[in-house]
Amino acid sequence: MEKEIKANIPKGNLQDKWSNYKAQAKLVSPNNRKKLEIIVVGTGLAGSSAAASLAEMGYKVKAFCFQDSPRRAHSVAAQGGVNAMKNYQNDGDSVYRMFHDTLKGGDFRSREANTYRLAECSASLIDQAVAQGVPFGREYSGYLKNRSFGGVQVSRTFYARGQTGQQLLLGAYQALMRQKEIGKIKLYARHEMLDLVLIDGKAKGIIARNLDTGKMERHAAHAVVLATGGFGKIYYLSTLAMGCNASAIWRAHKKGAFMANPSWTQIHPTSLPQSGPYQSKLTLMSESLRNDGRIWVPKAQNDQRPPHEIPENERDYYLERKYPSFGNLAPRDIASRAAKEQIDAGKGVGALKNAVYLDFKDAIHEYGKETIAERYGNLFSMYEKITGINAYQEPMKISPSAHFSMGGLWVDYDLMTNIPGLFAIGEANFSDHGANRLGANSLLQACVDGYYIAPYTLQNYLADQIQVPQSAINHPAFEIAENQAKKQLKEFVSCQGNKTSEEFHRELGKVLYDNCGLSRSAEGLQEAIQKIQQLRQEFKKNLLVPGDVEDINSELEKAGRVADYMELAELMCIDALQRNESCGAHFREEFQTDEGEALRNDKDFAFTAAWEWSGDSSSPILNKENLKFEFVQPTQRSYK
């Protein structure tokens, strides 16, 4: 039976909601904060910033990461920049315009209040990051530089060359480590969360596995924050790090947390193309390159000529042709679909004919090589190191690739899931981006959630927990959860099949990319569901995991993550199948305009799909949060 979903959005005008919330939120006095303990799982930009901020306030914090250091979190891979409404360029930007750009970019499938808060809090982040020492690019005068990203007509993106994520993470990391050194944070590196512990329906702790010893550990707290990132790696070939996974949020989902819009996965338009079947990862090339690079393909099919031999009148700058107002800075979902359209039409370039050109010839002629090198030098160096091609002399070859998860755990305005005491921040939740994320909003959401929102909303929840003693780790709920986790690990090792989790993952990724990737159809999705169910049964019978449970065992770690992917993949396809419309990155072939653009159905599908675990991965329960647009009326999205 469908449950009523309450997003707990404050009343009042859009611009006043967050201020009203902060003015009325319950508080915990400083002398009481040290009595309360919070678990933060994940120490990327969202997790590190939240853990550091909460510890600075006086709470006791336990922070967990499966890497050997928080500095290795995948936040370092974000290259091009972080958005913020400062209007330094005096080009007409405002909080409302940033909010509207984000809402429209997500094809009007996100909450107005959450999206506005993201834009509202953005300016504070830049001041904080500068104070932390983040080396943003600067003009000769000393002012911070800006550039533009896809889906907007202003320059609001702040950047540190092509290393913005890394630099922001170092700022959060140093704040985290400062609190660790003074004893307010206990850091558990090389630990992976295997299960969430609920007591009386509330999140009270986790079961974690020490990846260096194989030992299980129980950890109790008054609240649990999941900041474990997205699950784009489910496609196998993606821009994400090899270790990125969905296990923490999926285990929480199986304990009752709703999973929202899981099929909304962003395919990034500027990745290096796959060069062979041996690859396990693709490399992201920053969207910032589309500021000065022009994307094109040969007009003729199967053109074998090198790019410098193809004259201008035989080139198709298809984004500039189709979307003259935004050109090469069309939103990611549109740019990726347009690239796929050209590749499928036989106009792809490269050895496998699976790429398009990104050409800097005109920009170098206009601005000079030194200026382009100053803007993108490390990206050009990285490209040459990987491909052996000098992009100052020859166009880059780029291709769409799985990248970001707009879907994630359902959360309310407080960023709390439907499980009391369980919060999800950053890419682990579904909160801000709707059906398509605009470039440079990922770093923004991670920082805003961790630095500015979670410290208020967690406090609002914890104010009622002061008199509640912390649960003991010998509580039966911890024992049950630990035994279940142990049982699963033993089943993996005892299976003794002849196929590794890596092989299963590769097969799963291909099924998803072909049927639930850039475009989807009812027929393809139904076929994918059948294939995933068959693959999952084979996984249970034919998995090979060498080694032991109580030891270092990376294959055992992979097996758990792929097992979760097997279930999540089916939910993604079920979610995409029930949504009979096209919106943002969710492009159903049956629902498109005469011009081939996404065709929304606001009458029947203006809702967030919040899926509930039923105990059977093939029969999830759909709950709906209806989206109410009080301040902006959805329109047919156009970037022409």
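Me: Is Gln-342 buried or exposed?

Reply: Begin with the relative accessible area; a residue under 20% counts as buried. In this predicted model, Gln-342 has a relative accessible area of 4%, so Gln-342 is buried. Gln-342 sits in helix α9, which covers residues 332-347.

Me: Which residues does Gln-342 touch, not counting residues up to four places away in sequence?

Reply: With those sequence neighbours set aside, Gln-342 touches Val-297, Asp-316, Tyr-318, Arg-321, Lys-347 and Gly-348.

Me: Which residues of helix α4 are buried?

Reply: The general idea concerns the turn of the helix. An α-helix has 3.6 residues a turn, so residues three or four places apart point the same way. In helix α4 (residues 95-105), the buried residues are Met-98, Phe-99, Asp-101, Thr-102, Leu-103, Lys-104 and Gly-105. Their packing partners are β3 (82-83), α5 (112-132) and α12. After α4 comes Asp-107, with a positive phi near 55°.

Me: Where else is phi positive in a residue that is not a glycine?

Reply: Arg-161 is not a glycine, yet its phi is positive at about 50°. Arg-161 belongs to the loop between β4 (157-158) and α6. Tyr-236, also a residue other than glycine, has a positive phi near 70°. The loop that holds Tyr-236 runs between β9 (223-226) and α7.

Me: How do the axes of helix α6 and helix α12 cross?

Reply: Read the distance and the angle together. The axes of α6 (residues 164-181) and α12 (residues 442-462) come within 11 Å, and their crossing angle is roughly 10°. Because angles under 35 degrees count as roughly parallel, α6 is roughly parallel to α12.

Me: Which residues make the contact between α6 and α12?

Reply: From α6 come Thr-164, Gly-165, Leu-168, Gly-171 and Ala-172, while α12 contributes Leu-443, Cys-447 and Tyr-451. Sorted by class, this contact has five nonpolar residues, three polar residues and no charged ones.

Me: How many cavities of 30 Å³ or more are there in the whole structure?

Reply: A cavity is a space where a probe fits but cannot get out. A search of the whole structure finds four cavities of 30 Å³ or more. The largest cavity has a volume of about 80 Å³. Its lining includes Glu-192, Arg-209, Ser-247, Leu-489 and Arg-561. At least two lining residues come from each of β6, α7 and α16, and α16 gives the largest share, four residues. The lining of the largest cavity has four nonpolar, two polar and five charged residues.

Me: What is the volume of the second largest pocket, and which residues lie nearest its centre?

Reply: A pocket, by contrast with a cavity, is an open set of points. The second largest pocket has a volume of about 700 Å³. The pocket is lined by 24 residues, and those nearest its centre are Lys-254, Gln-488, Glu-491, Asp-564 and Glu-567. The elements giving two or more residues to this lining are β6 (191-199), α7 (247-254), α13 (476-495), α15 (522-542) and α16 (554-578). The largest share, seven residues, comes from α13. By class, the pocket lining comprises nine nonpolar, four polar and eleven charged residues.

How values were computed: Residues are numbered from 1 along each chain as its sequence is written. This is a predicted model: local features need pLDDT of at least 70, side-chain atom pairs count only at pLDDT 80 or more; totals for chains, interfaces and linings use all residues. Side-chain values use heavy atoms; hydrogens and water are left out. On a 1 Å grid over the protein atoms alone, a cavity is a set of points where a 1.4 Å probe fits but cannot get out, and a pocket is an open set with protein on both sides within 12 Å along at least five of seven lines; lining residues have an atom within 4 Å of a point. Grid points are joined across faces, edges and corners, and a volume is the space filled by probe spheres set on the points. Ala, Val, Leu, Ile, Met, Phe, Trp, Tyr, Cys and Pro count as nonpolar, Asp, Glu, Lys and Arg as charged, and the others, Gly among them, as polar. Axes are lines fitted to C-alpha atoms, for helices over the stretch in contact, and angles run from 0 to 180 degrees between N-to-C directions. Angles under 35 degrees count as roughly parallel, over 145 as roughly antiparallel, 65 to 115 as roughly perpendicular and the rest as oblique. Contact means heavy atoms within 4.5 Å. Buried means under 20% relative accessible area, exposed over 50%, partly exposed in between (1.4 Å probe, protein chains only).
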